[in-house]
Protein chains: 2
Amino acid sequence: MTRESDLIASLRRLATDPGARGLMDDAAVLEVGDMRLVLTHDMLAEGVHFLRDDPPEDVAWKLLAVNLSDLAGKGARPLAVLLGYSLGPSDWDARFVDGLGRALRGFDIPLLGGDTIAVAAGTPRSYGMTAIGVAEGAVPSRSGAAPGDLLWVTGSIGDAGAGLAIARGAEGPAALLERYRTPMPRLEAGRALAPLVSAMMDVSDGLLIDASRLAAASGVAALITLDQIPLSQAYLDLAGESRGARLEAATAGDDYELLFTAPRERAPAIHALADRLGLPFSRIGGIEEGSGLRVLDAGEEVPLPPKLGFEHGD
Amino acid sequence: MTRESDLIASLRRLATDPGARGLMDDAAVLEVGDMRLVLTHDMLAEGVHFLRDDPPEDVAWKLLAVNLSDLAGKGARPLAVLLGYSLGPSDWDARFVDGLGRALRGFDIPLLGGDTIAVAAGTPRSYGMTAIGVAEGAVPSRSGAAPGDLLWVTGSIGDAGAGLAIARGAEGPAALLERYRTPMPRLEAGRALAPLVSAMMDVSDGLLIDASRLAAASGVAALITLDQIPLSQAYLDLAGESRGARLEAATAGDDYELLFTAPRERAPAIHALADRLGLPFSRIGGIEEGSGLRVLDAGEEVPLPPKLGFEHGD
């Protein structure tokens, strides 16, 4: 147990309202009148979620995108955001606000309020954002996966992880760097998928760790077939097609794709939706009785890597 | 212009949605279906909003209380909160969570979600909270005061300022220290006052500065009669009855009382409400044509003190 997991455990004991979902989901659900609101608050900290040298415009984009991605994972339509901002050097702040404005306009989301605080010079930066959305129907949780369901993921996995390596100085194309710095939350896909899925979440900490969390929340086991994980051509060109490259993609995180399960008979509807949206949805495995995660590659079971992804307290 | 006021000005240019109220109000208004939600996000930073030696339980209480006070100022009923938490030493964190639990139960508010981040040891602590409330009717703003209105305040002013001096080592009674460390948001009064007032806000930064902000937002002038500002017996016993003591109370801040204006003919209804709630409401002045703030004491105009209260960037 790390300090952070201890703290989260103690906060969970306070969060007894059913809408809190045990602090185990991407977002909370608040029923108000006949409306179903979806609420999330995500923070970005320098050195943990972004690098000191990342452009401030991109940090602002990412702060908005990661919060919207939580709403996407719950099939919610974003309504508004609030910002918690710690002042830095004025040129940094000006560029952050510039990037935030562009991101807000890009997603057509109003900034409704927030707070700013002055911190001592040299304090590592951290920013918080609250996003409020509304769900039209039921709000998918992480806990609805059932044995026999298929496991799916949107888009491609691993690009952002490669992008982080590029941000740290490795060689590689700008397209991968962009996927790390300016992720695109799958809002439209999330809303369209919500009525079809048995469980859904966004992939933020790594495909393997997030799949294992979905399985644990559902009380089932997840099976992932490594060679079905969708990799972009840019990723393949850079990292190759080895098992190591696939495991790297599956554990790197920051993808902000959607991971979801659905009964097998919904596969045609899911394929049809992918066609309509022009976004690939890939079957990467399935759900079984039991617990934990199994990974197959080319038909044989692969030992789990020591690190499935980013964990709080890493 | 400070760095912080520059930043706030640039954020205001982004917050063009009418519900953001130009980032000038205590909270934002979000209409969803036929519901009127009231949203606020306030942060507490070590060395700015609390002292390093303040008990962590009380910092947690205050974080909740200051957010609920923003909802009180808008006449909203709190529905839920989200927490943004930066990890500190484990004993501090355990005591904070303990105090947060007590505060949540005290106000009967669910913690629905949030985020935790690890920061480097020694980083000054800062915490964020988002509170979501619902308004039954119109949401009072700061900008509705009109010439001829009376200016009122709930409870007593200056206790928390004296309490801060006590927290810093001055002699004084525990009751004043408590008003600094564990303020009580005026939720019930705010909801009951909302239909009666022309403008309302909570007093967080100091009565004089907050009154001047209300006047500025309304495009009017405020007149405050210093000898009508309600002071507690504990404050009078400690600070005396001098003009200096009254000015100190009126500029110290952290009161979390409600400041409001209403047409003169509503005075009987306001007095009746005070009786019903068992909470004193004091007439401390009025609203005039013009701009700015005038302060009278014993019938004569008093020069404004150099500092009307706490300003972002102080």
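Two residues are said to be in contact if their C-beta atoms, placed from the backbone, lie within 7 Å. The structure itself is a predicted model, in which local features need pLDDT of at least 70, side-chain atom pairs count only at pLDDT 80 or more, and totals for chains, interfaces and linings use all residues. Residues are numbered from 1 along each chain as its sequence is written, while chains are lettered from A and ligands numbered from 1 in the order in which they are written.

On that definition, 61 residues of chain A are in contact with 60 residues of chain B. At least two residues of this side of chain A come from each of α1 (3-14), β1, β2, β3 (77-86), α3 (90-107), β4 (111-117) and β5. Helices (H or I, at least four residues) and strands (E, at least two) are DSSP runs, numbered from the N terminus. The side of chain A that touches chain B divides into 35 nonpolar, 18 polar and eight charged residues. Here Ala, Val, Leu, Ile, Met, Phe, Trp, Tyr, Cys and Pro count as nonpolar, Asp, Glu, Lys and Arg as charged, and the others, Gly among them, as polar.

Let us now consider the strands. Strands pair if DSSP finds at least two bridges between them. Strand β1 (residues 28-32) of chain A pairs with β2(A) in the antiparallel sense over five bridges, and A28(A) stands opposite L39(A) in β2(A). Two residues lie between the strands of this hairpin, where G33(A) takes a positive phi near 55 degrees. β2(A) also runs antiparallel to strand β5 (residues 126-135) of chain A, to which 10 bridges join it; there, A45(A) stands opposite S126(A).

How much of β2(A) is buried? Nine of the 11 residues in this strand (residues 35-45) are buried, a term that requires 20 or more other C-beta atoms, placed from the backbone, within 10 Å of the residue's own.

Helix α5 (residues 174-181) of chain A has as its buried residues L176(A), L177(A), R179(A), Y180(A) and R181(A). Among the elements that cover them are α2 (56-73), α4 (159-167) and α8 (233-239) of chain A.

Finally, the chain as a whole. Buried residues make up 54% of the 314 residues in chain A, and its C-alpha trace spans about 55 × 55 × 45 Å along the principal axes.

Terms used
A residue is buried if 20 or more other C-beta atoms lie within 10 Å of its own, exposed if 12 or fewer, and partly exposed in between; C-beta atoms are placed from the backbone.
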